[in-house]
Amino acid sequence: MMGMRILDIPTTSISDVKRSPMEAFQKADREAAGVYVFNREKVAGVMLTQQQYESLNKEIEELYSRLDDLTVEMRLSNKNVRTYTDSEVRGEQGTHPTTIDEMDGWE
């Protein structure tokens with residue numbers, strides 16, 4: 001049976017954070033990683049420096065942008081695209097010319 005792997009991550013306790021929150025931020029900066037804050041042997045949260053937080057958000061935005069680009073590329077590369085006529089989409093209305101009444105919307 002394999003033992004539980006201990007992660008090499010910076011940690012602190014909620015009590016230490018209450019005493020000196022800046023120490024947790026300094027540890028996050030020193031370790032270049034988020035500091036896991038434990039409360040009664042459970043993770044209560046993770047503390048990051050402002051730079052780490054902004055960097056993560058920037059990376060997420062870039063990944064979403066790349067995902068959008070890949071989705072567009074995939075859709076454009078699809079050679080089996082089916083197009084529909086106006087009649088197929090709008091039914092009977094698609095066979096008649098559209099007329100606009102100047103009084104539409106007026107009471």
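Predicted model: local features only at pLDDT ≥ 70, side-chain atom pairs only at ≥ 80, totals over all residues.

**Salt bridges.** I began with the rule: I call it a salt bridge when a side-chain nitrogen of Lys or Arg is within 4 Å of a carboxyl oxygen of Asp or Glu. As a reminder, side chains of opposite charge can pair when their charged atoms come close.

I looked up Asp16 first, and found that its partner is Arg19, with 2.1 Å between the closest N and O atoms. Both sit in helix H1, three residues apart, about one turn of the helix. Asp16 is partly exposed, because its relative accessibility is 34%. Arg19 has 62% relative accessibility, so I noted Arg19 as exposed.

I have Arg90 down as partly exposed at 34% relative accessible area, and Asp86 as partly exposed at 41%.

Then came Glu73 and Arg66, a salt bridge whose closest N and O atoms are 3.7 Å apart. Glu73 has a relative accessible area of 45% and is partly exposed; Arg66, at 42%, is partly exposed too.

**Confidence.** How far does the predictor trust this model? The mean pLDDT of the protein is 87, and 89% of the residues score at least 70.

**Layout.** I counted four helices and three strands. Along the sequence they run β-α-α-β-β-α-α. Of the contacts between residues at least 6 apart in sequence, 30% join residues at least 24 apart.

**Surface.** I got an accessible surface of about 10,200 Å², with 53% of it belonging to carbon and sulfur atoms. Which residues form a nonpolar patch on the surface? They are Ile9, Tyr36, Val43 and Val46, which together have about 300 Å² of accessible area. I followed up on Val46, which belongs to strand S3 (residues 42-47). Val46 is partly exposed, because its relative accessibility comes to 43%.

**Buried residues.** What share of the 107 residues is buried? I noted 11%.

Is Thr12 buried or exposed? Thr12 has a relative accessible area of 15%, and the cut-off for buried is under 20%, so Thr12 is buried. I located Thr12 in strand S1 (residues 11-13). Leaving out residues up to four places away in sequence, Thr12 touches Val17, Ala24, Val35, Tyr36, Val37 and Phe38. I had already met Tyr36 as a member of the nonpolar patch.

Where does Thr49 lie? I found Thr49 in the loop between S3 and helix H3 (50-77). Thr49 is at 13% relative accessibility, so I counted Thr49 as buried. With residues up to four places away in sequence left out again, Thr49 touches Phe25, Ala28 and Asp29.

Key: Residues numbered from 1 in each chain as written. Heavy atoms only, no water. pLDDT = per-residue confidence, 0-100. Patch = residues over 30% accessible without salt bridge, like charges linked within 9 Å, V, L, I, M, F, W, Y side chains within 5 Å. Areas by Shrake-Rupley, 256 points an atom, 1.4 Å probe, with all protein chains shown as cover. Helix = DSSP H or I, 4+ residues; strand = E, 2+ residues; numbered from the N terminus. Buried < 20%, exposed > 50% of the residue type's maximum accessible area, 1.4 Å probe, protein only. Contact = heavy atoms within 4.5 Å.
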